[in-house]
Amino acid sequence: MIEGLIGGFGNLFVPFNLLILIAGILLGFIGGGIPGISGTMLVIILLPVSYAMDPTAAFLLLTSIYATSVFSGSISAILFRTPGTPEAVATVFDGYPMAQKGEGGKALGVSIFSSATGGVLGTIVLIFLTPLLASFALSFAAPEYFALALMGLTVVASLSAGNLVKGFIGVAFGLFIATIGLDSMTGTPRFTFGSGQLMSGIDFIPVLIGLFAISEVLRQVQKRARKTSNQKVRTELPDLGLMKRISGVIGRSSLLGIFIGILPGIGATTAAMLSYSEAARWSKNPKEFGTGIPEGVAAPESANNAAAMGAMVPLLSLGIPGSATTAILLGAFILHGIQPGPLMFQTQGSLVYTILIGLLFANLLILLIAKPFISVFSKILRVPYAIIGPLIVLFCIIGTFAVRNSIFDVGVMLVFGVIGYFLENAKFPLAPIVLGVVLGPIAESQFVRSMQMSNNDLSIFFTRPISLVLLLLALISVLYPLVKKWINHRKTKHKGDSTIAS
Amino acid sequence: MLLERTISIIMIAFSALFLVQSLQLENRTGGLVGPGTWPAALMILMLVLSIVLLVKTFLKKGVQVKTANEEAEDLANEDDQLVYPKRFFYLLGALIIYTLLLDYVGFIVDTLVFIFVLSLIFGVKHWSRGLLTGILATAGAVVLFPILLNTPFPRGVGIFSTFSLLFY
């Protein structure tokens with residue numbers, strides 16, 4: 001592993017790769033900073049550019065965008081009370097009051113410092129945990145992979161939605177989309193209606209771009225143009241005393257964030273919200289939270305960066321993405337002909353270690369680059385959405401077209417853009433659909449393979465210990481929300497009874 | 001609520017249709033699991049859950065417990081109302097027309113006009129700015145993709161094809 005890391009270090013310092021890394025960091029800053037463009041969308045938009053690059057440069061670009069956009073969402077959250085990315089929603093609670101008190105520069109400094117620390121801690125855990133998990137997963141066979149995919153899907157469905165029924169409808173729909181085309185096992189055409197285009201299946205890139213980017217543009221176009229204000233702030237990085245004051249909060253929130261990130265289905269946004277409420281609970285003066293204190297900025301900012309790195313662990317070690325953005329990264333790997341999973345450390349070791357070292361540097365460079373970036377940021381914000389919106393649409397179209405040079409795919413993207421728009425209006429979570437589409441082929445082929453291994457005996461999933469544990473975890477993730485709801489129901493009923501009695 | 005009901009009805013129709021379709025897939029493997037088994041199972045799950053969702057929309061009372069995620073979203077959407085609902089249809093219409101024309105008009109002309117129209121739909125301050133965006137974006141895309149990265153962009157037919165040969 002040490003040689004791998006040193007090799008990754010060497011790869012990163014090839015001038016071209018270093019240039020790409022810095023470009024990725026700046027793009028992540030810009031995209032995260034502008035409300036209406038999230039990190040997920042930016043990674044999607046830049047997929048077409050990355051097709052033509054060699055894998056090392058492509059993944060340095062995509063992962064550094066992913067890592068830094070999580071931070072820069074906090075800039076407009078603090079200064080304008082508009083989170084630039086969903087991950088920065090919790091930063092508004094204390095960041096904006098600090099800016100109102102005239103401490104905007106201090107809040108930005110705290111955000112830079114805690115994001116970088118959280119991100120670096122997350123990357124360190126990522127570097128050490130991923131190879132361990134991958135070597136453990138080397139013993140997995142078809143039943144384990146099926147159980148793993150099933151667990152990922154159920155956890156995403158039950159946790160990301162807050163509504164079990166909608167979550168599982170999404171998963172089933174996504175998995176179904178993945179079955180369209182030639183069946184990989186028997187070669188039977190499925191649901192093609194005689195169309196040659198459908199024969200080769202629905203590629204998941206158009207589905208992703210439609211669901212996440214086109215649906216968002218269809219929403220943004222209906223909104224009033226945002227006002228841009230000219231606010232001059234001087235970013236101040238925290239001094240030693242302040243660092244000491246927030247170090248406990250940063251440590252706890254980072255650990256919580258990493259843990260949440262590793263779990264499939266809940267990502268950086270939830271991590272930020274949870275760690276904010278946990279920080280308030282742990283604090284000696286919980287009432288001060290929300291009035292503009294540095295701890296309230298440090299907690300969500302360190303947690304969301306840590307969680308973003310934690311979410312990379314299952315992707316790189318098991319090939320199972322835990323969030324929407326990591327699902328897109330999985331798609332990018334497949335486009336480059338690389339199958340993420342336990343074997344990747346052996347077949348693509350140098351690429352993986354370069355990505356890991358690149359993430360470490362991206363997070364460290366937040367400390368250096370963020371300050372000068374913020375001073376030019378207000379100029380970038382002045383570019384109106386009437387210019388940015390059409391460009392996003394253009395990138396989506398090119399990105400979709402370039403995968404297979406197919407105009408049919410552009411149509412697929414439009415259809416899913418409309419589907420995504422209406423589903424999101426009806427509060428359907430989109431992440432389960434995406435994970436269904438991405439994991440569909442894995443889940444089905446591993447299921448069929450297990451059935452062949454066991455001569456059509458379903459008990460193969462329950463007699464192998466690892467697959468049994470994974471399936472039990474899947475079951476728990478379904479039952480937990482139901483049990484919790486029932487207990488809450490009983491609690492309120494009980495309370496109601498006692499008030500009537502009194 | 002009405003939207004949720006409509007969506008669940010569409011989903012019931014969708015899953016019922018494809019359940020029938022998957023059951024019609026011939027299983028020539030002789031094994032328990034044929035090509036239609038997996039999609040059929042998925043469509044049964046989706047059908048059952050969509051019916052549950054539909055029933056729920058009729059039973060639901062006004063009180064709703066919001067999850068942390070939803071609360072966060074509400075905060076993000078605050079003073080962010082959708083004030084131009086018509087623009088949704090303009091944008092969608094433009095996208096559909098663009099996609100249909102792409103094969104006939106070719107990338108350059110189609111995109112230039114499309115980006116210009118889009119910037120008008122998005123409410124650009126002055127039309128000249130939109131035109132400039134269209135020209136620059138098209139030029140940038142052509143230089144980056146067909147010229148530098150060798151992506152075979154659609155050329156269109158007849159005169160458009162000849163025109164595109166000037167550039168890529």
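Predicted model: local features only at pLDDT ≥ 70, side-chain atom pairs only at ≥ 80, totals over all residues.
1. Overall size of chain A. The C-alpha trace of chain A spans about 70 × 70 × 50 Å along its principal axes. The radius of gyration of chain A is 23 Å, which agrees with the value near 23 Å for a compact globule because that is what 502 residues would give.

2. Make-up of chain A. Chain A contains 22 helices and 2 strands. Of its 502 residues, 61% are buried. If one takes the contacts in chain A between residues at least 6 apart in sequence, 78% of them join residues at least 24 apart.

3. Helix α11 of chain A. This helix covers residues 240-262, 23 residues in total. From its first C-alpha to its last it reaches 31 Å, close to the 33 Å expected at 1.5 Å a residue. There is a bend of about 45 degrees in α11(A) at A:I246.

4. Contact between the chains. Chain B gives 60 residues to the contact and chain A gives 53. On the side of chain B that touches chain A, the elements giving two or more residues include α1 (2-24), α2 (37-59) and α6 (127-148) of chain B. The largest share of that side, 10 residues, comes from α2(B). By type, the residues on that side of chain B are 42 nonpolar, 12 polar and 6 charged.

How values were computed. Residues numbered from 1 in each chain as written. Chains lettered and ligands numbered in written order. Contact = placed C-beta atoms within 7 Å. Helix = DSSP H or I, 4+ residues; strand = E, 2+ residues; numbered from the N terminus. Nonpolar A, V, L, I, M, F, W, Y, C, P; charged D, E, K, R; others polar. Expected span 1.5 Å × (residues − 1). Bend = angle between axes of the 7 residues up to and from the residue. Rg over C-alpha atoms; globule rule 2.2 N^0.38 Å. Buried ≥ 20, exposed ≤ 12 C-beta atoms within 10 Å, placed from the backbone.
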